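Subject: Structure handover

Dear colleague,

Please find the structure below. My notes on salt bridges and strand pairing follow it.

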Amino acid sequence: MQLSFQPCGLSNLDVLVAISRETFVTAFEKDNDPDDFQHYMETAFSHKKLQAELEDKNTHFHLAYEGEDLVGYFKLNAGMAQTDVHDEKALEIERIYVLATHQGKKIGAQMLQKIMELGRHMGKEYIWLGVWEHNPKAIRFYQSHGFQKFGEHPYYIGKDKQTDWLLRLNI
């Protein structure tokens, strides 16, 4: 199964809001305080917030399709849009999500290949990301693709301070 990727623009805002919310709820709602989680959802995935991110020239969203079916998306940050590193030679993967109904099909691996291709095309030397320290499945996935831990940073879900491992892959 070969995926196709579509850059996500303002015309896709409603689709982006819907898939962002659905995938994040599926992945993390059960592991977080309901009030903190609801507050995070209302701010991080609001139409206003995602519209501002779509308008940022250093932020790039792509929708992933299997045939006509939307199966996931990713968000990349360059330059000052990066949440931490802020290295012009780097590209951050802030989000990479696959709908629960399509997990286990190696979609994430194809998304990573596309991200590496985009990073090389943009002249980047490495890609990096933050992954929650209590998400061993995601950590194993990234490490199996060559990512190595280089640090940690705080990540907040509402008032709950969590720790993300910072992982890096030279491209």
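**Salt bridges**

Glu152 forms a salt bridge with Lys149, with 3.0 Å between the closest N and O atoms; the term stands for a side-chain nitrogen of Lys or Arg within 4 Å of a carboxyl oxygen of Asp or Glu. Glu152 is partly exposed at a relative accessible area of 46%, and Lys149 is partly exposed at 39%. For these classes, buried means under 20% relative accessible area, exposed means over 50%, and partly exposed is in between (1.4 Å probe, protein chains only). Elsewhere, salt bridges with shared partners join Lys49, Glu53, Lys75, Glu94 and Arg95 into one network.

Before the rest, the conventions. The model is predicted, so local features need pLDDT of at least 70 and side-chain atom pairs count only at pLDDT 80 or more, while totals for chains, interfaces and linings use all residues. Residues are numbered from 1 along each chain as its sequence is written, and side-chain values use heavy atoms, with hydrogens and water left out.

By the salt-bridge rule the count is nine. One of them pairs Lys75 with Glu94, where the closest N and O atoms are 2.7 Å apart. This pair links distant parts of the chain: Lys75 is in strand S3 (residues 69-77) and Glu94 in strand S4 (residues 90-98), 19 residues apart. Helices (H or I, at least four residues) and strands (E, at least two) are DSSP runs, numbered from the N terminus. Lys75 counts as buried, at 2% relative accessibility, whereas Glu94 counts as partly exposed, at 26%.

A further salt bridge joins the side chains of Lys114 and Glu117 (3.3 Å, N to O). Both residues lie in helix H4 (residues 107-121), three residues apart, about one turn of the helix. Glu117 is partly exposed, with a relative accessible area of 45%.

**Strand S5 and its partners**

Strand S5 (residues 126-132) has six of its seven residues buried, so the strand is largely enclosed by the rest of the structure. S4 and S5 pair in the parallel sense over four bridges; two strands pair if DSSP finds at least two bridges between them. Ile93 stands opposite Leu129 in S5. From S4 the chain passes through H4 to S5 in a right-handed β-α-β crossover, that is, the path from the first strand over the helix to the second runs clockwise with the strands pointing away from the viewer.

S5 also pairs with strand S7 (residues 160-170), in the antiparallel sense and over seven bridges. There, Gly130 has Leu166 in S7 as its bridge partner.

Regards
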